[in-house]
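Please keep the sequence and the structure in view while reading.

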Amino acid sequence: MLIDKKHIGMKVPQHSVNLTAWQLKWFAKATGETNPIYFDEEAAKKAGLPGVLAPPTFFFCMDMDKEHPFDYLETMGCDLGKMLHGEQSFVYHKPVYSGDTLTFDGEITDIYDKKNGALQFVVKDVKVRRLGELVCDVHSVMVIRG
């Protein structure tokens, strides 16, 4: 069954995340980051930063930092057991640091299929803001096997 295109324009429930130096430290370790401004508060302050700097791909992970990160797919009737990760991309506007609170506003911007519905694609675009100021645009595509 194809995902109904009526879901294009659907808003994903907004959520906020308070960034901690601890989260950033473990993300940096998991991704093999060696620059201490991404995991050491003292090194970040010595570099003139207000806190530990969030690495670029951290936004995608924080967009999933909620109780039901794929609720929007379930709403569309997608079988999460058939979900594959497609792609992600980012447009950075401002750096963010430990201590910042980020708000994530997402929207389904496209739904399409390939191979006669064997692969279905759900495109989600998210605006990430700090105190109302846009800091990052996150674009992701989830692939669902038909």
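Predicted model: local features only at pLDDT ≥ 70, side-chain atom pairs only at ≥ 80, totals over all residues.

**The sheet and its surroundings**

Leu-119 stands opposite Arg-145 in S5. Strand S4 covers residues 119-130 and strand S5 covers residues 133-145; the two run antiparallel and are joined by twelve bridges.

These two strands form part of an open sheet of five strands, arranged in the order S1-S3-S4-S5-S2 with antiparallel pairing. Strand S1 (11-18) and strand S2 (83-92) each have a single partner strand, so one side of each edge strand is left without a neighbour in the sheet. On average, neighbouring strands of this sheet are turned by 20 degrees against each other, direction ignored.

The chain as a whole contains four helices and five strands. Read from the N terminus on, its elements follow the pattern β-α-α-α-α-β-β-β-β. The C-alpha trace spans about 55 × 30 × 25 Å along its principal axes. Of the 146 residues in the chain, buried residues make up 41%.

Strand S2, at an edge of the sheet, includes Leu-84. Because its relative accessibility is 36%, which lies between the limits of 20% for buried and 50% for exposed, Leu-84 counts as partly exposed. Leu-84 and Asp-113 are 29 residues apart along the chain, and their C-alpha atoms are separated by 14 Å.

The loop between strand S3 (101-114) and S4 holds Lys-115, and Asn-116 is found in the loop between S3 and S4 as well. Lys-115 has a positive phi of about 55 degrees although it is not a glycine. For Asn-116, also a residue other than glycine, phi is positive and near 55 degrees. With a relative accessible area of 66%, Lys-115 is exposed; Asn-116 is exposed with a relative accessible area of 84%.

Attention may now turn to the helices. Helix H1 comprises residues 21-31, and within it Ala-21, Gln-23, Leu-24, Phe-27 and Ala-28 are buried. Seen down the axis of H1, these buried residues fall within an arc of 155 degrees, so they line one face of the helix. The face of H1 turned away from the buried side carries the exposed residues Trp-22, Lys-29 and Ala-30.

By residue class, the lining of the largest cavity divides into six nonpolar, one polar and two charged.

The largest pocket, by comparison, contains about 160 Å³ of space. It is lined by 13 residues, of which Met-1, Gly-77, Cys-78, Asp-79 and Gln-120 are the closest to its centre. The lining of the largest pocket comprises six nonpolar, three polar and four charged residues.

Note on methods. Residues numbered from 1 in each chain as written. Heavy atoms only, no water. 1 Å grid on protein atoms, 1.4 Å probe; cavity = no way out; pocket = protein on both sides within 12 Å on 5 of 7 lines; lining within 4 Å. Points joined across faces, edges and corners; volume = space filled by probe spheres on them. Nonpolar A, V, L, I, M, F, W, Y, C, P; charged D, E, K, R; others polar. Pairing = 2+ DSSP bridges. Axes fitted to C-alpha atoms, helices over the stretch in contact; angles between N-to-C directions. Buried < 20%, exposed > 50% of the residue type's maximum accessible area, 1.4 Å probe, protein only. Arc of directions from axis to C-beta.
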